[in-house]
Amino acid sequence: MTQHKASYYEKLSADYSRPNLVPPALQAELIEFGERIVAMKEEELPTIDSNYTLAQIEKENREWWPTHCEALRQGRGDILTGEYRNDLVYFCQDGPYQGVEQQKEREKHWWALIAQPGVTMCWPIVMFYGEHTYFEWKCVDDITNETLAKGNVTWVRRGHRGGCYLKTEQLTFYRDVFAEERLLKGVGVVY
């Protein structure tokens, strides 16, 4: 018996599983909300307790998710960098990285490649559990439909007040590894 799967985006404000599903007005709202979320991050990582529960954190992570996707699609490095805590631990095949400074040179190339013109980043799978967000992503060439890059990621994010303090990622780039200078100028990476 085949089980029917529900969309991973069923109860989220926008669907980033494929290209062309998010109208421009909603894209603008999500960018604005993403800027507000970054401003909510507190200096100290908030404690999980009866005043800030895992249920609240998961709710906030579900609210945040579409803003993250839109920021990547628009190459908004200022928002993307702001999502991290300054003491971020980032495990990937080039890492480990500690803090936002160590990975910035490498990550700006990744962001430039995945947000380049003619390529659309999609997240077909996203799952939430407390402060954990797991997702799979791929970048699709708008003309050839080839997959340029793909990966799977887990963020440990303490909601809007805490931001991301642990990120694990497996990335595979098929077509490019380092972005051309013209692409790097298009990504607003702020460190």
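Rings of Phe, Tyr and Trp (its six-membered ring) are taken to pair if their centres lie within 6.5 Å, and planes under 30 degrees apart count as stacked, over 60 as edge-to-face and the rest as tilted. The structure is a predicted model, in which local features need pLDDT of at least 70 and side-chain atom pairs count only at pLDDT 80 or more, while totals for chains, interfaces and linings use all residues. Residues are numbered from 1 along each chain as its sequence is written, and side-chain values use heavy atoms, with hydrogens and water left out.

**Aromatic pairs**

The structure holds eight aromatic pairs.

| Pair | Centre to centre | Angle between planes |
|---|---|---|
| Trp 64 and Trp 155 | 5.0 Å | 40° |
| Trp 65 and Phe 135 | 4.5 Å | 50° |

Trp 64 belongs to helix α2 and Trp 155 to strand β5, so their pair ties together parts that are 91 residues apart in sequence; helices (H or I, at least four residues) and strands (E, at least two) are DSSP runs, numbered from the N terminus. The second pair also links distant parts of the chain, with Trp 65 in helix α2 and Phe 135 in strand β4, 70 residues apart. Both Trp 64 and Trp 155 are buried, a term that means under 20% relative accessible area, against over 50% for exposed and partly exposed in between (1.4 Å probe, protein chains only). Trp 65 is buried as well, with a relative accessible area of 0%, and Phe 135 is buried at 3%. Ring pairs link Tyr 16, Trp 64, Trp 65, Tyr 84, Trp 123, Phe 135 and Trp 155 into a cluster.

**The sheet and its helices**

An open sheet of six strands has the order β2-β1-β6-β5-β4-β3, with mixed pairing, where two strands pair if DSSP finds at least two bridges between them. Strands β2 (97-98) and β3 stand at the edges with a single partner strand each, so one side of each is left without a neighbour in the sheet.

Strand β3 runs antiparallel to β4 (residues 132-141), and nine bridges join the two; Met 127 has Tyr 134 in β4 as its bridge partner. The two strands form a hairpin with two residues between them, and Gly 130 in the turn has a positive phi of about 60°. Nine bridges also join β4 to the antiparallel strand β5 (residues 147-157), in which Asn 152 is the bridge partner of Glu 136.

Helix α2 (residues 54-73) lies across β3, β4 and β5 and runs at about 170° to β3, with contact meaning heavy atoms within 4.5 Å. Helix α5 (residues 104-114) lies across β1 (84-91), β2, β3, β4 and β6 (164-173), running at about 60° to β6. Axes are lines fitted to C-alpha atoms, for helices over the stretch in contact, and angles run from 0 to 180 degrees between N-to-C directions.

**Cysteines**

The structure holds zero disulfides, a disulfide being a pair of cysteine sulfur atoms within 2.5 Å. Cys 139 is in no disulfide, and the nearest cysteine sulfur, that of Cys 122, is 7.9 Å away. Cys 139 is buried, with a relative accessible area of 1%. The sulfur of Cys 164 is 12 Å from the closest cysteine sulfur, in Cys 92, which is too far for a bond, and Cys 164 is buried with a relative accessible area of 0%.
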